[in-house]
Amino acid sequence: MDGLPFLVDQPPLIDQYSFGAVHDELGLGSFETHLAAAAGAHGPAPAGTSYFDSFTGLAIRRWCPPLLGLEPHCPPARYLARRREMGAYRAGRMLLRGSGIGTFLLAAGAPSDLTSATELATAAAAPAHEVVRLEPLAEQVADTSGSVDSFIGYTAEALYAAAQHATAFASGATHCEGRAPEAGEVRRAADRWLRRRRPGERLGEPALVRHLLWSAVATGLPVQLHCPDPQPLAAFLRATTGIGADLVLLPEPPHHRRAAQLAAVHAHVYADAGPCPEETLSRAPFGKLLFSSGARGLPELYVTGARCFVRAMARLVREWTDEGLCGPGDGRRITETVGFGTARRVYRLSAEAA
């Protein structure tokens, strides 16, 4: 496969976190906009430069052109011309199907210019499962609620309905206390928020976020916690021990090590290893870590995320084998555990459904 011996028999990965790909054709400017976001940059590239001159840009030029019938490292203009010649749907389909990912967990309610789980599954010819975000769910309910009582009641109904089809819930909570808020506290917070809220305004009441989190945990489904720094969630992690729901930490750099440490401490807590697992493998048991691409917008990001992960794991395992730390069989088992085994277990995906 694409000249990489260690990818030939690599089982498909489970990507536990992404947002979907764009539908539309992309010119150089729009492609670079998405590439800038993936590279962590804002605004146009300085005059005379390009975001293709970034690690993400280099990875795209290495791994994606062969999937569209071009040589690796071809010039960006040639690559984008080939992309337009094929059409956005066909190019996206070939990229997704060549990514090495066999199952996708997709944030539900993504912007309309990105693929839904159903659309992604069709393009990739692979299962795609919805992860329902709690805050947007409550915001949608608030748009049609006329009172505090209706908001609280309809939110509970919406969360229950979502639990019937979702694979997991997700929250962007940056802090959560180690106790569920009392009913009066929830009512007062809902009243404050509904009184001042304008349509489309994001949920910002801490008590309501806590209420949503504890309600989600009560369903028994896994809950993803998209937290820049997981440390402020430590009390919540301790308090949810033994309840029955698994929690998955998805931190931002440079907090992956701390997330892995928290996963090691709590039996029901897991940590995202992202496409670069080097930071986490020494901090938690391998069965507490999961791969994700974090892809958003460009289907190329699924390819580069999977390639970077597999190459990083191959490099680490090779080092450990050369040092006598593990045998070849152990290395493959570790790679498969982080690449898809833990996700299959945490998200309750059968081998057939995954």
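Leaving aside its neighbours within four places in sequence, with which residues is Ala271 in contact? Contact here means heavy atoms within 4.5 Å. By that criterion, Ala271 touches Leu249, Ala259, Ala260, Ala263, Lys288, Leu289 and Leu290.

The structure is a predicted model, in which local features need pLDDT of at least 70 and side-chain atom pairs count only at pLDDT 80 or more, while totals for chains, interfaces and linings use all residues. Residues are numbered from 1 along each chain as its sequence is written, and side-chain values use heavy atoms, with hydrogens and water left out.

**The sheet**

Helices (H or I, at least four residues) and strands (E, at least two) are DSSP runs, numbered from the N terminus. Eight strands form an open sheet in the order S1-S3-S4-S5-S6-S7-S8-S9, and their pairing is parallel. Its edges are strand S1 (13-18) and strand S9 (289-290), each of which pairs on one side only. Two strands are said to pair if DSSP finds at least two bridges between them. Between S1 and strand S3 (residues 101-107) there are four bridges, in the parallel sense. Within this pair, Leu13 stands opposite Ile101, and Ile14 stands opposite Thr103. Strand S1 is mostly covered, with five of its six residues buried; buried means under 20% relative accessible area, exposed over 50%, and partly exposed in between (1.4 Å probe, protein chains only).

Ala271 is placed in strand S8. Its relative accessibility is 0%, so Ala271 counts as buried. Between the C-alpha atoms of Ala271 and Ala312 the distance is 17 Å, and the two residues are 41 residues apart in sequence.

His266 lies in the loop between helix H11 (256-265) and strand S8 (269-272). His266 also counts as buried, because its relative accessibility is 10%. Apart from neighbours within four places in sequence, His266 is in contact with Leu237, Arg238, Thr241 and Lys288.

**Helices that pack together**

Two packed helices are described by the angle between their axes and the distance between the axes. Axes are lines fitted to C-alpha atoms, for helices over the stretch in contact, and angles run from 0 to 180 degrees between N-to-C directions. Two helix pairs are set out below.

| Helix pair | Axes come within | Crossing angle |
|---|---|---|
| H8 (residues 183-196) and H9 | 8 Å | roughly 125° |
| H6 (residues 134-143) and H7 (residues 148-163) | 9 Å | roughly 135° |

H6 is therefore oblique to H7; angles under 35 degrees count as roughly parallel, over 145 as roughly antiparallel, 65 to 115 as roughly perpendicular and the rest as oblique. H8 and H9 are likewise oblique to each other. The crossing of H8 and H9 is left-handed, whereas H6 passes H7 in a right-handed crossing. A crossing is left-handed if the near helix is turned anticlockwise from the far one by less than a right angle, and right-handed if clockwise.

From H8, residues Glu185, Val186, Ala189, Ala190 and Trp193 meet Ala207, Leu208, Arg210 and His211 of H9. The residues of this contact comprise six nonpolar, one polar and two charged. Here Ala, Val, Leu, Ile, Met, Phe, Trp, Tyr, Cys and Pro count as nonpolar, Asp, Glu, Lys and Arg as charged, and the others, Gly among them, as polar.

From H6, residues Leu134, Leu137, Ala138, Val141 and Ala142 meet Phe151, Tyr154, Thr155, Ala158 and Leu159 of H7. The residues of that contact are nine nonpolar, one polar and no charged.

Helix H9 (residues 206-218) also lies across strand S5 (168-171), strand S6 (223-225) and strand S7 (247-249), and runs at about 145° to S6.
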